[in-house]
Amino acid sequence: MTWELLFTLINAVVVPAWLLLVLGPTWRTTQIVVHSGIYPLALGSIYAICLIASLFFGVSSDGVGFTSIAGVSALFDHPNGVIIGWSHYLVFDLFVGAWIGRDAMRRGLPHLAVAPCLIATFIFGPVGLLAYMLVRFSRGQGISLFETGQDER
């Protein structure tokens, strides 16, 4: 398998989860697929394998490390490093998107207000989370991350 094919595959794998979050947030399939550990385990496994290959088996550029900007830049000088970084983004963005979906349902927020935030999270990560927090705030829901019904403002 080439690096390009792996990159294409991990990109393609997350699209169904995002489509489910945006188009069918209450569907049983969304609950089973997106809100389970399937995606974090699958993408996390790819991430872990590539990270181990980089750190311990030399599948990386020279000078890779996490203690300097030069070391981190070196990580992305090799296709394996790009896969590591990209799978990291994909799993965390999807995790945040799934949380947004669950949180919005718990709070009774209209999906039409939340869907653009999910799309923004898929494309721009933290910008989507910021947009969601602004939607919540504008609807009097506060910005706290408590999920237990505690005082949230």
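The model is predicted, with local features requiring pLDDT of at least 70 and side-chain atom pairs counted only at pLDDT 80 or more, whereas totals for chains, interfaces and linings use all residues. Residues are numbered from 1 along each chain as its sequence is written, and side-chain values rest on heavy atoms, with hydrogens and water left out.

The protein contains 7 helices and 0 strands, where helices (H or I, at least four residues) and strands (E, at least two) are DSSP runs numbered from the N terminus. Along the sequence the pattern is α-α-α-α-α-α-α. Taken along the principal axes, the C-alpha atoms fill a box of roughly 50 × 35 × 25 Å.

Helix 6 (residues 111-124) and helix 7 (residues 126-138) have axes that come within 6 Å and cross at roughly 160°; axes are lines fitted to C-alpha atoms, for helices over the stretch in contact, and angles run from 0 to 180 degrees between N-to-C directions. Helix 6 is therefore roughly antiparallel to helix 7 (angles under 35 degrees count as roughly parallel, over 145 as roughly antiparallel, 65 to 115 as roughly perpendicular and the rest as oblique). The crossing is left-handed, a term used if the near helix is turned anticlockwise from the far one by less than a right angle, with right-handed used if clockwise. In this contact (heavy atoms within 4.5 Å), A113, V114, C117, A120, T121 and F124 of helix 6 meet P126, V127, G128, L129, A131, Y132 and V135 of helix 7. These residues comprise 11 nonpolar, 2 polar and no charged; Ala, Val, Leu, Ile, Met, Phe, Trp, Tyr, Cys and Pro count as nonpolar, Asp, Glu, Lys and Arg as charged, and the others, Gly among them, as polar.

Helix 1 (3-23) also packs on helix 6, their axes coming within 9 Å and crossing at roughly 160°. The two helices are therefore roughly antiparallel to each other, and their crossing is right-handed. Helix 1 contributes V14, V15, W18, L21 and V22, and helix 6 contributes H111, A115, L118, I119, T121 and F122. By class, the contact has 9 nonpolar, 2 polar and no charged residues.

Helix 5 (79-107) packs against helix 7 at an angle of about 10°, with the axes 11 Å apart. Helix 5 is therefore roughly parallel to helix 7. V96, W99, I100, D103, A104 and R107 of helix 5 make the contact with G128, L129, Y132, M133 and R136 of helix 7. Its residues divide into 7 nonpolar, 1 polar and 3 charged.

The largest pocket holds about 150 Å³ of space. On a 1 Å grid over the protein atoms alone, a pocket is an open set of points where a 1.4 Å probe fits, with protein on both sides within 12 Å along at least five of seven lines, and lining residues have an atom within 4 Å of a point. Grid points are joined across faces, edges and corners, and a volume is the space filled by probe spheres set on the points. The lining consists of N11, V14, W86, Y89, L90, D93, F122, I123, F124, G125 and P126. Helix 1, helix 5 and helix 6 each give two or more residues, and helix 5 gives the most, with 4. The lining has 8 nonpolar, 2 polar and 1 charged residues.
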